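Subject: Structure handover

Dear colleague,

Here is the structure I said I would pass on.

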Amino acid sequence: MVVKIYGFHISTCARLVELICKEKEIPYELVEFGEGEHKTPAFKEHQPFGQVPYIDDDGFILYESRAICRYLIKKYPNQGTLGLIPTDLRAKALFEQASSIEITNFDNFAGPLVVEKFHKPRLGGQTNEARAAVYLATLNAKMDAYEVILGKQKYLAGETLTLADLQHLPLGRLLCAAGQADIFSSRPNVARWWNELTSRPAWSAMKYCA
């Protein structure tokens, strides 16, 4: 059965779900919408917030990208890349810690920075440079902490790759496309980690339109 992902090719959240499907070798189809269609009543029947993506897995509807990824990883534990969500109690706790790090210390600042430095210029808008500078300064401080963590271990949750690491890829790619690659490259431990993530076959197989 093919998992249907309802979203946009430029959506970082949809791209994350696609990535996990590739890592787990899950057949999927990206079903794209016209402009503004995700705000229609028909779409909101499945995703009440009018956001992308949601999935249809043989009639099972699920939204929120991180929840979708966890569901898919747990549904197919023995195929594709293994161990993306640990089962050992302490390893699982470290994974949850790392996942929280991504949300609160990366996404919360990288996301707005991408809006200012990538999306606004791309859509003909004007970057608020003062606001972007604040986001960049905060994100750099956060990445200094990443440098410390990754100087002690290979990945954010320890010595094994997890979903928490992969969650950085779609948004991190847009940071690089927006001229902010030094967020990763200027720190040796972060650079080693980022280069390994971006070299993964599943990520390399992704096709980009942005």
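A search of the whole structure, which is a predicted model, gives eleven aromatic pairs.

One of them joins F60 and Y71, with 5.1 Å centre to centre and 45° between the planes, so by the angle it is tilted. This pair links distant parts of the chain, since F60 lies in strand β4 (residues 60–63) and Y71 in helix α3 (residues 65–75), eleven residues apart. F60 is partly exposed, at a relative accessible area of 37%. Y71 is also partly exposed, at 23% relative accessibility.

Another tilted pair is made by F106 and F184, where the centres are 6.3 Å apart and the planes are at 40°. Here too distant parts of the chain are linked: F106 belongs to helix α4 (residues 89–122) and F184 to helix α8 (residues 182–185), 78 residues apart. Both F106 and F184 are buried.

There is also a cluster, in which ring pairs link Y6, F8, F33, F43 and Y54.

On the cysteines: the structure has zero disulfides. C176 is in no disulfide either; its nearest cysteine sulfur, in C13, is 18 Å away. As for accessibility, C69 counts as buried at 0%, whereas C176 counts as partly exposed at 28%.

Regards

Terms used:
Residues are numbered from 1 along each chain as its sequence is written. This is a predicted model: local features need pLDDT of at least 70, side-chain atom pairs count only at pLDDT 80 or more; totals for chains, interfaces and linings use all residues. Side-chain values use heavy atoms; hydrogens and water are left out. A disulfide is a pair of cysteine sulfur atoms within 2.5 Å. Buried means under 20% relative accessible area, exposed over 50%, partly exposed in between (1.4 Å probe, protein chains only). Rings of Phe, Tyr and Trp (its six-membered ring) pair if their centres lie within 6.5 Å; planes under 30 degrees apart count as stacked, over 60 as edge-to-face and the rest as tilted. Helices (H or I, at least four residues) and strands (E, at least two) are DSSP runs, numbered from the N terminus.
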